[in-house]
Amino acid sequence: MFGPLNGVRVALVITAALAGIFAAAIGQWLVAAVLFLGVAVHGLGWVYLYRQHRRSSDE
């Protein structure tokens with residue numbers, strides 16, 4: 001059920017990372033920082049949810 005949504009999420013995160021790189025390349029440092037912060041927070045959230053899932057499946 002979540003397969004297609006997961007693919008869209010991955011595409012959006014990759015696009016945000018590329019937009020951050022582009023923003024940094026043209027000197028838009030605040031925009032780049034916000035985009036990179038969003039990607040980093042998303043990554044930390046993914047790690048947290050992955051660990052929660054592993055913990056619940058071990059029990």
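Residues are called buried when their relative accessible area is under 20%, exposed when it is over 50%, and partly exposed in between, as judged with a 1.4 Å probe and with protein chains only. The structure is a predicted model, in which local features need pLDDT of at least 70 and side-chain atom pairs count only at pLDDT 80 or more, whereas totals for chains, interfaces and linings use all residues. Residues are numbered from 1 along each chain as its sequence is written, and side-chain values use heavy atoms, with hydrogens and water left out.

Val47, with a relative accessible area of 33%, is partly exposed and lies in helix 2, where helices are DSSP runs of H or I with at least four residues, numbered from the N terminus. Between the C-alpha atoms of Val47 and Gly20 the distance is 21 Å, for a sequence separation of 27 residues. Helix 2, which covers residues 29–58, also holds Leu37, and Leu37 is exposed, its relative accessible area being 55%.

A nonpolar surface patch of about 450 Å² is formed by Val10, Ile14, Leu18, Ile21 and Phe36. Patches are assembled from residues that have over 30% relative accessible area and no salt bridge, nonpolar side chains (Val, Leu, Ile, Met, Phe, Trp, Tyr) being joined within 5 Å and like charges within 9 Å; a salt bridge is a side-chain nitrogen of Lys or Arg within 4 Å of a carboxyl oxygen of Asp or Glu. Accessible areas come from the Shrake-Rupley method with a 1.4 Å probe, and for residues only the protein chains shown count as cover. The most is given to this patch by helix 1 (residues 3–25), with 4 residues. Ile14 belongs to helix 1 and is partly exposed at 47% relative accessible area, while Phe36 is found in helix 2 and is partly exposed at 37%. Phe36 and Val13, 23 residues apart in sequence, have C-alpha atoms 9.9 Å apart in space. Phe22, a residue of helix 1, is exposed, with a relative accessible area of 56%, and its C-alpha atom is 7.9 Å from that of Ala32, 10 residues away in sequence.

The largest pocket has a volume of about 160 Å³. On a 1 Å grid over the protein atoms alone, a pocket is an open set of points with protein on both sides within 12 Å along at least five of seven lines, and lining residues have an atom within 4 Å of a point. The lining of the largest pocket consists of Asn6, Arg9, His42, Gly45, Trp46, Leu49, Tyr50 and His53. Helix 1 and helix 2 are the elements that give two or more residues to this lining, and helix 2 gives the most, with 6 residues. By residue class, the lining divides into 3 nonpolar, 4 polar and 1 charged.

Note on methods
On a 1 Å grid over the protein atoms alone, a cavity is a set of points where a 1.4 Å probe fits but cannot get out, and a pocket is an open set with protein on both sides within 12 Å along at least five of seven lines; lining residues have an atom within 4 Å of a point. Grid points are joined across faces, edges and corners, and a volume is the space filled by probe spheres set on the points. Ala, Val, Leu, Ile, Met, Phe, Trp, Tyr, Cys and Pro count as nonpolar, Asp, Glu, Lys and Arg as charged, and the others, Gly among them, as polar.
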